[in-house]
Amino acid sequence: MAQTVRQCIVDALDDLGEDDFCRFKADLREVQLPTGFRRIPWGRLEKASRLDTAKLMVDSYRDSLAGDLAVKVLSSGNQSQIAESLQEQLKSIQYNSRAPTLPTASGGAVQGVRAGGKYETDRTSVLPSQQ
């Protein structure tokens, strides 16, 4: 069976201790989202298991953004080794070709990872398409 973005995120979250997992969920609530996306309600996220957290992320942000957000939150939470491992796993699976962008501190935007793991940077905001 092919690995999914949700499974990759669950694998990464499984590598976190309980305190780091709680910090991940809190940091996920603070991460900057692209225009058109809403935060996962804290009432749903607070008591969510690792599997439920990954499912909420994919359901709320689609595969490409969910993977990028997980990498970004892990990196910002001093979990760079887990973030790098997740990023490598994500590179090996195929992403939605119309991935939304993540805003960057420099004013640019990082396009979601696609097959081959290439990032594209631009200065525009991409609105999510209708599913």
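What sits over the ring of phenylalanine 21, and how far is it from the centre of that ring?

Modeller: The charged end of arginine 50 sits over this ring, 4.4 Å from its centre; such a placement counts if NZ of Lys or CZ of Arg is within 6 Å of the ring centre and within 35 degrees of the ring normal. The model is predicted, and local features need pLDDT of at least 70, side-chain atom pairs pLDDT 80 or more, while totals for chains, interfaces and linings use all residues. Residues are numbered from 1 along each chain, and side-chain values use heavy atoms, without hydrogens and water.

The setting comes next. The protein chain has five helices and three strands (DSSP runs numbered from the N terminus: helices H or I, at least four residues; strands E, at least two). From the N terminus on, the order is α-α-α-α-α-β-β-β.

Phe21 belongs to α2 and Arg50 to α4. Helix α2, residues 18–28, packs against α4 at about 80°, and their axes are 12 Å apart (lines fitted to C-alpha atoms, for helices over the stretch in contact, with angles from 0 to 180 degrees between N-to-C directions). The two helices are therefore roughly perpendicular, a label for angles of 65 to 115 degrees. Where they meet, α2 contributes Glu18, Phe21, Phe24, Lys25, Asp27 and Leu28, and α4 contributes residues including Thr53, Met57 and Leu74; contact means heavy atoms within 4.5 Å.

Arg50 also takes part in the meeting of α4 with α1. The axes of α1 and α4 come within 8 Å and cross at roughly 80°, which means that α1, too, is roughly perpendicular to α4. On the α1 side, Val5, Ile9 and Leu13 are among the residues involved, and on the α4 side Thr53, Met57, Ala70 and Leu74 are among them.

Helix α1 spans residues 5–14, and Val5, Cys8, Ile9, Val10, Ala12 and Leu13 in it are buried, that is, under 20% relative accessible area with a 1.4 Å probe, counting protein chains only. The cover over these residues includes α2, α4 and α5 (80–91). Of the 131 residues in the chain, 41% count as buried.

One further detail concerns α4, which comprises residues 50–76 and contains arginine 62. Arginine 62 is not a glycine, yet its phi is positive, at about 65°. Most residues other than glycine have a negative phi. Arginine 62 is also buried, with a relative accessible area of 9%.

Note on methods:
Buried < 20%, exposed > 50% of the residue type's maximum accessible area, 1.4 Å probe, protein only. Parallel < 35°, antiparallel > 145°, perpendicular 65-115°, else oblique.
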